[in-house]
Amino acid sequence: MMRPPAHAPAPGQARHKRWAASLDVHIHPSVPDVLFLLARGPLPVLPVGSNREVIVDIPCANAVLRGADIYAVGVHAAEAPLRPGDPVSVFVDLDGRCLRGQSKRYTGSKVFIGNGHALLGRDDLYRFSPKELKDRGVGVLMTEPIYESPSLNDIFDHGLVLQNLPSILVSHALQPEPHHTILDMCAAPGGKTTHIAALTDNKATIIALDRSKPKILRLAAHVQALGWSSIRPLVCDATACVLSPERSAAFNWDSDLPAPGSRIRALPRESFDRILLDGPCSALGQRPSFTSSVNPAILKHHPAYQRSIFHAAHALLKPGGRLVYSTCTFTIDENERNVASFLAEFPDMELVRHDPASDPVDWRQAAQPGHPSVAFPTEADRASVCRFDPHRPTSVVLGPDGSPLELDTIGFFFAVFRKHARPAAPSP
């Protein structure tokens, strides 16, 4: 991965938006392929009563909190009259009830996310369809967001990928090697998949599955554009992706594996040295998050669905292989109770603890042990799983002046499993 010098300033956006100071880029001292910057906020920014109000939807507001400006297509409504150059106060519509193009000040449930300047007026914003607006560029420049963080939309052109730190640690915990055959069971959009390719110098064989054809096609185009030839994205249902023993024995990796972007029904048993199971989950740990549509039925569905994928993963993993199970949520049923269930159902699986001798990156850094309400076989097993709490720092590093810097996190969980190797057959 591309690494600029430590503490390299990136003043362009800060100067353009007239921020008081630029934000510096740092290299993480214990995870060498990680760059980070410290956003500033929440800042004491208030809406200006004389400003025109602009309304955005929740996905757009999440992007603003991560440093984005508001593209024209994202300006859901704007108070009239609005002309280019006018100062605006930006709010997010929490209920989704604001009508697109509404000209009156919205009085529904809304939250302020910052001030900015309109680059387009109402005449430009609402005489085009949303499809036509996609090519109109930025509609509002965010000069006073409640969090100062630069837009990172162009970093993909420089070989960098946006990831939360726990997601990065997952790939390190997998311990992938260039000679491995690796399976990413729920790969889209592909951040962890490409990280695994980078860790293996693009020399491993990486099968990336997802049940969604459009997602796989996007991933296939992405990895081809970036030259990740070791990744083969394929459409497949991870809950039913295991060949019978007979078909597994007859599988030919040269002729039976379809082209990237194609569909494959199933894969041969015990074929993978490493498996990542970062499956669908309730995603309650994601940040930023203004609201959640998760309901009790969804919370009840996910653990069983995740266990069905684990069944397939167990069958596909080679004896002696390593499997990482991860979620971006903090519910106990999807995390610790699932892990305890896996251990009870598959006695040939064991949890792996971080070993400094074999794991150069401390993938347990600042993680909490498993929740005390769940019974693990041993306390060592509870200490092996990694629970990340948004209210606790992920890691503490030293800044350029020697002062401690706390890096926060999303809500996240992962556990590392190893499948027991079979005893060697006795000599005849």
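Residues are numbered from 1 along each chain as its sequence is written. In this predicted model, local features need pLDDT of at least 70, side-chain atom pairs count only at pLDDT 80 or more, totals for chains, interfaces and linings use all residues, and side-chain values use heavy atoms, with hydrogens and water left out.

**Helix pair**

Helices (H or I, at least four residues) and strands (E, at least two) are DSSP runs, numbered from the N terminus. Two packed helices are described by the angle between their axes and the distance between the axes. Here the axes of H5 (residues 165-174) and H6 (residues 191-199) come within 10 Å and cross at roughly 45°. That makes H5 oblique to H6. Axes are lines fitted to C-alpha atoms, for helices over the stretch in contact, and angles run from 0 to 180 degrees between N-to-C directions. Under 35 degrees counts as roughly parallel, over 145 as roughly antiparallel, 65 to 115 as roughly perpendicular and the rest as oblique.

Which residues of H5 and H6 make the contact (heavy atoms within 4.5 Å)? H5 supplies Ser167, Ile168, Val170, Ser171, His172 and Leu174. H6 supplies Lys192, His195, Ile196 and Leu199.

**Cysteines**

A disulfide is a pair of cysteine sulfur atoms within 2.5 Å. By this rule the count is 0. The sulfur of Cys186 lies 8.8 Å from its closest cysteine sulfur, in Cys241, too far for a bond. For Cys236 the closest cysteine sulfur is also in Cys241, at 5.0 Å, again too far.

Buried means under 20% relative accessible area, exposed over 50%, and partly exposed in between (1.4 Å probe, protein chains only). Cys186 is buried, at 15%. Cys236 is buried too, at 2%.

**Backbone**

Most residues other than glycine have a negative phi, and most peptide bonds are trans.

| Cis peptide bond | Omega |
|---|---|
| Gly41 and Pro42 | about -5° |
| Ala188 and Pro189 | about 10° |

Pro42 sits in the loop between strands S3 (35-37) and S4 (52-56). Pro189 sits in the loop between strand S10 (181-184) and H6.

Asn202 is not a glycine, yet its phi is positive, about 60°. Asn202 lies in the loop between H6 and strand S11 (205-210). Asn202 is partly exposed, at 22% relative accessible area. Ala283 also has a positive phi, near 55°. The loop of Ala283 runs between strand S13 (272-278) and helix H9 (296-316). Ala283 is partly exposed, at 33%.

Definitions and conventions: Contact means heavy atoms within 4.5 Å.
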